[in-house]
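Please read the points below beside the structure.

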Amino acid sequence: MTLPDDLILNAADEVKIRQHLLLVALGKMPADRVIEVGRLLAVHANEWLTDQEIVISGRRIAYVGPIGSYRGEVGERIKHHDLAAVPGLGEVHKHIESTHLTPEFEAALVIPRGNTWTCEASHEFANVNGAKNTEFWQKARLAGSPLKVFIQPGSAVPPSAWEESGGYYGFDEQNKFLADNLSVTGLDEVMDWPSVWDPSNPGYARMWGMIGATFAQRGVVEGHGSGLVDPHDISAFAAAGLSSDHEVWALDEAWDRLMRGLFTELRPFSYDVIIPGLIERGLKDWSNIAFTTDDRTASDTLRDGSTDYNVRHAIHYGLNPEIAIQCATINPARHMRIDQWVGSLTPGRYADIVLLSDVATLKIEHVYADGKLASEGMIYSGPQPKIDWPDWANGTMNVGRDLTAADFAIAGAPGRETMQAAILRPFHWNEEFLVEELPVVNGHVQRDQSRMITKWSLVDRYRGDAATASMFWIGVGPADDDTALCCSVAHDSHNVWCIGSSDAAMAKAVNRLSEIDGGWVLVHRGEVVAEVRFEIAGLMTARPAAELDTAMAAFLKRADQVTWNYAPAAMNRWKPGFPEFLIFATLTCSPWRWVLVAPSKLAPNGFVNVQTGATHPVVW
């Protein structure tokens, strides 16, 4: 019997694989190998089993039992009697694009850190090329990468009705995603809350089309409830069928969500408050909690860790190690309805095994993925496929032409010496924008460095019409003359953002960014002085994590020579120095109000309140 390669899940192949596995489990067909371990964590019961053997056929587990109990033939026996086995760790909600590595290099980074499967929250690449999203995420796996990527098509494609991007998902697209592929788990985080509750919102029909398609295919609808603290809002969120929330910042928020049946996905920055608080309140059942990375760069992963860091961090704040492991294995797998493939060391599941020398500190010695050794210590030893990424992945910067200073100019009214200007700062969640009076010189409204007011722009990179929206921001950006910073990572539409002290420097930065197919570009005092290339979708690079880390370190070192504006504010989410956080300052989901987006049909000048749809001139 010729078995499928078992890389990409589909129903026909799954039947054949299961038919074979049951014969191996019965000892009627030979197994490929047996891995013997001193202890094995049975996560369904939260029990340690001693002296166990894991019988593997192909990429899957066929049998688990006491050492020597399997009655069939085996090809080889591998002994790790001094180590404890736990399931491969999983990510319930992660944007792999935020690592800025393509999936084959993501695998080499995270598998030694125990992460063998990820639910890819896929509205980053999907906003660049929505039509090719599934193909992109399956390409590395089909080439032999042992990292399992379960796809969650993005509800935020585009993120709001006032934005346009390189993708569009509605009922038809979501229905096809789920019908065609078992690796698609459901709908990624529903972020645009006004388009869920408000029938007059222009995104209402599209959003409910995607939710309806997910219901019809029995998929999981993931939520994003940032800023929702009123019990009526949280109840409405759950009533809409949104099953989870990872935007949980405080203990009461976590508790309120759990009490209303929402699967709660905790990010590490909140563990110090939430985990001790839940323990103190006597939470009896942690099965509705998972740990999530959400966004983490390759550099941060090299320094801190991957999913292993999340588990270790939870243990540090008092959580029982076995429960912490459940929160990164069986809990997220059950929630995503993929526990028949991942999340436990049990028959039928992929043979993804993390071997620990110390459970309390989650000290990883080896990782097996797809039944084969994939790492020793922090050294990846699994397959590293070479992928020739096609043009649809590595030629995505379509600004359309070289920009000039004139593209960033903001015209003043004829005869005026000053103009009123709408002003924002990063993460400006206030109901109203700020207003400042700015000078007009030669017909154009000017920055004012004495007040740390500079210019912020969004450039469309999909249509090829060089459409640019500009306004003034305060308390951020370069203070030096003729200096600009731009980037093609701009959550979640991923148009190009640029902030600069002169229009000419901004044009130079964006033009160079187009030449290198995306990434980061820094212009200092009129010259391009540093860049990092994200040639894949303008979001990622096809190179090892250590190489990207070196490139980013060199970029940041040069950026440290720039004087950066910094104005503390009540809602600061950033620190002094290089403003890397600006990649998230383009978000348009709750709790954002007034934002700048690239020019679109519903927001021609780009300045729009995404909660109400109101627009406003940037100067008047």
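This is a predicted model: local features need pLDDT of at least 70, side-chain atom pairs count only at pLDDT 80 or more; totals for chains, interfaces and linings use all residues.

1. Helices H9 and H10. Helix H9 covers residues 251–259 and helix H10 covers residues 271–280; their axes come within 8 Å and cross at roughly 55°. H9 is therefore oblique to H10. The crossing in which H9 passes H10 is right-handed.

2. Residues of the H9–H10 contact. On the H9 side the contact is made by Leu 251, Ala 254, Trp 255 and Leu 258, and on the H10 side by Val 273, Ile 274, Gly 277 and Leu 278. Seven of the residues in this contact are nonpolar, one is polar and none is charged.

3. Ser 98 and its surroundings. Which residues does Ser 98 touch, beyond those up to four places away in sequence? They are Asp 295, Arg 296, Thr 297 and His 491. Ser 98 itself lies in the loop between strand E5 (89–94) and helix H2 (103–110). With a relative accessible area of 6%, Ser 98 falls under the 20% limit and is therefore buried. Its side chain makes a polar contact with the side chain of Asp 295, at 2.4 Å. As for Ile 234, the C-alpha atoms of Ser 98 and Ile 234 are 28 Å apart in space, and the two residues are 136 residues apart in sequence.

4. Asn 133 in helix H4. Asn 133 belongs to helix H4, residues 133–142. Is Asn 133 buried or exposed? Its relative accessibility is 1%, so Asn 133 counts as buried. The side chain of Asn 133 makes a polar contact with the side chain of Ser 122, at 2.8 Å. When neighbours within four places in sequence are set aside, the residues in contact with Asn 133 are Ser 122, Phe 125, Ala 126, Ile 151 and Tyr 169.

5. Cis peptide bonds. The bond from Val 157 to Pro 158 is cis, with omega near 0°; Pro 158 sits in the loop between strand E7 (148–153) and helix H5 (171–180). The bond from Ser 590 to Pro 591 is likewise cis, with omega near 10°. Pro 591 is found in the loop between helix H17 (545–559) and strand E26 (594–596).

6. Asp 6 has a phi near 65°, a positive value in a residue other than glycine. This residue is in the segment before helix H1 (11–25), and Asp 6 is buried, with a relative accessible area of 7%. Arg 525, also a residue other than glycine, has a positive phi near 50°. Arg 525 is found in the loop between strand E24 (519–524) and strand E25 (527–533). Its relative accessible area is 52%, over the 50% limit, so Arg 525 is exposed.

7. The two ends of helix H8. At the start of H8 (residues 231–239), a side-chain oxygen of Asp 230 reaches to within 2.7 Å of the backbone nitrogen of His 232. Just after H8, Gly 241 takes a positive phi of about 95°.

How values were computed:
Residues are numbered from 1 along each chain as its sequence is written. Side-chain values use heavy atoms; hydrogens and water are left out. Axes are lines fitted to C-alpha atoms, for helices over the stretch in contact, and angles run from 0 to 180 degrees between N-to-C directions. Helices (H or I, at least four residues) and strands (E, at least two) are DSSP runs, numbered from the N terminus. Angles under 35 degrees count as roughly parallel, over 145 as roughly antiparallel, 65 to 115 as roughly perpendicular and the rest as oblique. A crossing is left-handed if the near helix is turned anticlockwise from the far one by less than a right angle, and right-handed if clockwise. Contact means heavy atoms within 4.5 Å. Ala, Val, Leu, Ile, Met, Phe, Trp, Tyr, Cys and Pro count as nonpolar, Asp, Glu, Lys and Arg as charged, and the others, Gly among them, as polar. Buried means under 20% relative accessible area, exposed over 50%, partly exposed in between (1.4 Å probe, protein chains only). A polar contact is a pair of N or O atoms within 3.5 Å; within protein, one must be able to donate a hydrogen and the other to accept it, and residues adjacent in sequence count only if both atoms are side-chain atoms.
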